[in-house]
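Hi everyone, thanks for coming along. Please bring the structure up on your screens, and I'll walk you through it.

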Amino acid sequence: MTGRRWRVGVDIGGTFTDLIVADDATGAFVVGKTLTTPGDPSAAIETVLREALERLRLEAAALGTVVHGTTLVTNAVIERTGARTALLATRGFRDALEIGREQRFELYDLTIQHPRPLVPRHLRFDVPERTLADGTILEPLDTAFVERLARELAERGIEAVAVAFLNSYANPASEQAARDAIRRAAPSLRVSLSSEVAPEIREFERTSTTAVNVYVQGRVERYLRELEARLARLGFDGNLLLMLSSGGVATVDTAVRFPVRLLESGPAAGALAAANAGVASGRPDLVSFDMGGTTAKFCVIDQGKPLLAQEFEFDRVYRFQKGSGLPAKVPVIEMIEIGAGGGSIARVDALGLLKVGPDSSGADPGPACYGRGGTEPTVTDADLVLGYLDPGFFLGGRMRLDEEAARRAIETRIAQPLGISVEEAAWGIHQVVNQNMANAARVHVLERGKDPRRFPLFAFGGAGPVHGDRIARALGAPALIAPLGAGVLSTAGFLTAPLGFDFVRSWRTPLTGIDWSRADGLFRDMEADGAALLAASGVGAGALTHQRTVDMRYVGQGHEIRVPVPAGPISAASEGLIRAGFEAKYRELYGRLGPPVPIEVTNWRVASSGPAPVLDLRIEAGARPDGPARKSSRRAWFPETAGYVEVPVYDRYRLAPGDGFDGPAIVEERESTVVAGPGTRCTVDPRGNLVVTHDA
Amino acid sequence: MTLDTVALEIMWNRLLSVANEQQVTLMRTAFSTVVRETQDLACGVFDTRGSMIAQSMTGTPGHINAMATGVRHFLNAFPPATLVPGDVLITNDPWLTAGQINDMTVLSPVFRGRTVVAYFASTCHAPDIGGRLLSAEAHEVYEEGLRIPMTRLFAAGEPNEELLRILRANVRTPEETVGDLYAQAAANAVGGRGLLAFMDEFGLETIDPLADEIIGRSERALRDAIRKIPNGRYENEVWSDGFEEPIRIKVAVTIGDEDILIDFAGSSPQSRRGINVVLNYTHAYASFAIKAAVSPEVPHNEGAFRPVRVIAPEGSVLNCREPAAVASRHIIGHFLPGAIFGALAPAMPGRLMAGGAEPVWISMWRGQWPESRSPFTFTLFQCGGAGARATLDGLSATGFPSGVAGVPAEVVESLTPLIQHRRELKTDSGGPGRWRGGLGQRTQMGLRTDRGPAAEWSVSAMIDRIDHPGAGLEGGAPGGPGGFGLADGSPARAKALVVLRPDARVELDPPGGGGYGPAFEREPARVLHDVVEGYVSLEAAARDYGVVIEYLGRPDQLVRLPADYRIDQAATAARRRP
């Protein structure tokens, strides 16, 4: 593959399929966008890729890799369009999936509902077997029963089986025996084992993860094989890789084995792109902020890397609220997502207070200003009334906005009930949604033990730069950074991800008196697995890196802290180093050490990765390098100016590094608009990012 | 202080996020499974008058609301002039706080310069507080554990070592009990840090005027909502199994123009055993019920208490006198929302829920590890089914009114030599109705005997609704009763210490919720679905719902799909004919 400089990133979203083709050697790139084709998602990829190749006068054979992110898994789960799936559980525990944590996620609302389990109860089966917490097999698996069950399942049209036995994280033997039995009896059934998909303690979460994995596996495999074939027909013979929710990429074979790791693979690319852009411009610590039509997502980028979490909740059925979704134990770039976007609806509530979101007008009818019959005022309507958006330049002029409709909606639903002017109401909507986002971001950043006042806000997505300045101020962030080409930013993230895979082994042991040879063996095993998977994807042994970490806590605590472990052989001599790492991290997070009790290790982890590709996109100042950057002016409303003032409008593509001006100012590019309020200073950094700071 | 609505909304949300930060820190640093898995806790922020302004997202209403009353007692005993930065106060006095000696309330003043500007408090259920193992068997509170009067946990940042030594010496789980107190103090401190940053950002010297505005708005919203309920006096009566005899909970709810009086006169006298409720806790669950019934969307704070007056005769089970035993007070306290909903049902048609499992099932397990013989103590929380709603089935195996979570079997088994042999939904335990009650559970616990001879062990189960299942609403049938006994068929006594042979297996089946509306009005397709899923048996479908369903498959078939069942329309019509 050496010598092939061109790489492709492609994202299938709910509405659009976005693509970037970039030349590693020169940084030149083109982007493409087309409507998603839900019936046959790979069709849209072919369309948009053909177009881009034509523009570049390239053959598909010149492409080295295609990195792909997809919402296929998320959608299959939300729309419940996966395979007919059965669950084999330890006798007495088939309801773990439905009993869940036995908790209401909302205290006062008497009408809440839990999300529907992926596997209905009539397809959940008790299997005679029992493994204990230390791995002891109390009762061996009844393989004859499993064979009989598997035959019946296959005969009745069941396609997939999740096997999740109690304590299998400690000993997978019975699950493996069950798989063997199923294969013997009904080789057509797909099987996922919880000890392979998510080998961690807590039966509900592990079972849920395993169920999703096998539930979507057939669809994912068919889709990816179809995509491979299509690309091959185009003449592509490079590497097709999939973006994982962790921000790593994996081969098609790995993605097919563990499709649950593709949940959130699109948003992961956005966070990676922000991280990459931050590192490139000398800002390795950021909070990335991606605001679209229905939701906003924040992610902490720490020292150039997005923070990772080990669990994700999908299909939240209640206002994006924690606890109202189904858990998946997968490494995932840790983001907070809230129902705040351009389409979020504003209303006056029972207390006479202004509320915005979390419900959205969606694409249809959309905000009132879309002129498609929407009558409820939305954030986009407010932004338009405030003069932040140009009714004639939305999506670069591809769509016209109806300002009168926006005013009418805000007047009748908000301004009149509150007895304030339309502009005040619009400002209220703008500010309330900003604060909702800032609050969510603040708690999220603080929960990660970080100080939001230290992190610049990096805004992208269609609406991000419109709201970023005020959110940055609410967070006390030192600056808002709006990258050039906010619309293409996400796809660029696909091209910055290293090939990588994460492994974990659960083994709880006190720090004092660890069996160090066992620990050493665990790390080596995981590293060997990582090396094998990466070798299969073409990564040479010399280019591999393994990062070891352990999860630690005081004995008796339930939450762990991730502590790095040095490479190389470990032994009793490592104990002091690991303890010091734990204590330093604990102090940083919670201010002081816990009570004087022993410390233990619970999980052992290895993250194996290949080399991170270097991507240095050369964003041309566009086709209009000359001419004044200031293209026009228009009226915009700010509370500081107590009304509308004439505000200069800059053409983003004509701003050059070193340019600077004071707010209030509006900076427009095709897919996004930066709004810098009064009291701000805007400068263009050497990378073309617009940096908005405010007076202290 | 005049605040425009937008600024108010923004500041209000900030206070909520500060309270949530407090809870996040508490759960991340807690030691006991009771706090970190079950979340038997509450967190809140209070103004200088001791009025609750905001609470964190989850937790248990009994703690939240009782803590709110408890803070006032702290302020009387420790006026701001007696406090310095770094002071942290503590008590578990049942009559001052959450009504149970296991519940630790920790309060931290927030200093801005030399002035106290707010307080953060949390209440958590300690895994052990000494005395008898948590049960209902005590006759006096003195038997139930160590009572800590209002005192300092930290003085100017230094731990009160004398107190901690006394505490450690008196409890079975010193590391967990003390570790959780450290977590509570850390959580309050993280909350305080967030509040000060917020005040700096908005240039606030005091939050009291903001509190007045927030509390005033919640109060007005609740009063507005009350105005929409027809005035009148609404009564109801429910029964708990009690300890030595059933306990009657009688309630009269009087809806005024814009306030509510809840009177528990006529309830049983205080019990000689530990199921008595202090007035604080009675008030907590009564006001929770009104909030949930009348205006769930209004933010919860001091304002939600003001329109609600709660009285119970002194010396009754809902307003017990010292030194009554109170350890299992939740058993009675958790009945109150259901009792109040039952009373209000005629006044609020279509808006409430049927009776459910009510009390969360708490069982204390004590024994020895097989090899080391070192003792273990474990508290297991389990939830039965909730009542059906006017347009929805009840939630299966989900706590109500408590907001606690269960404990994963794998967590139980990794921390103790206990084995959970079964944990499944219990068929036919949901009360029949147009909307079915939530299902209860079937669970079974044993002890590891595979690693050599095991010793005797014991369980003490604070559970209820074995004799008195949750009532249906508007014609719905009651939920299935709870069950407690040994697998060999021998009975076991609830709320008392049961000593077990090493090979004993204990069955704990939390009850189901009551139905809503007549069962014969349930859509046959829903009944069919329930049968396919095994929520309802074929026999119960015919008997309780009048829906006759045939199973068409082979008797030995393991996989039984929806296509294997068919409604016998004629037989169903005949059965359902009035």
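Let's start with a word we need for sheets: two strands pair if DSSP finds at least two bridges between them. Strands here are DSSP runs of E with at least two residues, helices are runs of H or I with at least four, and both are numbered from the N terminus. In general, strands of a sheet pair through backbone hydrogen bonds, either parallel or antiparallel.

Before we look, a caution: this is a predicted model, where local features need pLDDT of at least 70, side-chain atom pairs count only at pLDDT 80 or more, and totals for chains, interfaces and linings use all residues. Residues are numbered from 1 along each chain as its sequence is written, while chains are lettered from A and ligands numbered from 1 in the order in which they are written.

Now find the open sheet of 4 strands in chain B: its order is β14-β15-β19-β17, with antiparallel pairing. At the edges sit β14 and β17 (483-486) of chain B, each pairing on one side only. From one strand to the next, the twist averages 15 degrees, using axes that are lines fitted to C-alpha atoms (for helices, over the stretch in contact) and angles from 0 to 180 degrees between N-to-C directions. β17(B) pairs with β19 (residues 506-509) of chain B over 4 bridges, in the antiparallel sense.

Let's zoom out. Chain B has 14 helices and 21 strands in its secondary structure. Its radius of gyration, taken over C-alpha atoms, is 25 Å, close to the 25 Å that the globule rule gives for 578 residues, so chain B is as compact as a globular protein of that length. That rule is 2.2 Å times the number of residues to the power 0.38. The C-alpha trace of chain B spans about 80 × 65 × 45 Å along its principal axes.

And how does chain B meet chain A? Counting residues as in contact if their C-beta atoms, placed from the backbone, lie within 7 Å, the contact takes 74 residues from chain B and 64 residues from chain A. On the side of chain B that touches chain A, α1(B) gives the most, with 14 residues. The residues on that side of chain B divide into 33 nonpolar, 19 polar and 22 charged. Here Ala, Val, Leu, Ile, Met, Phe, Trp, Tyr, Cys and Pro count as nonpolar, Asp, Glu, Lys and Arg as charged, and the others, Gly among them, as polar.

Definitions and conventions: Two residues are in contact if their C-beta atoms, placed from the backbone, lie within 7 Å.
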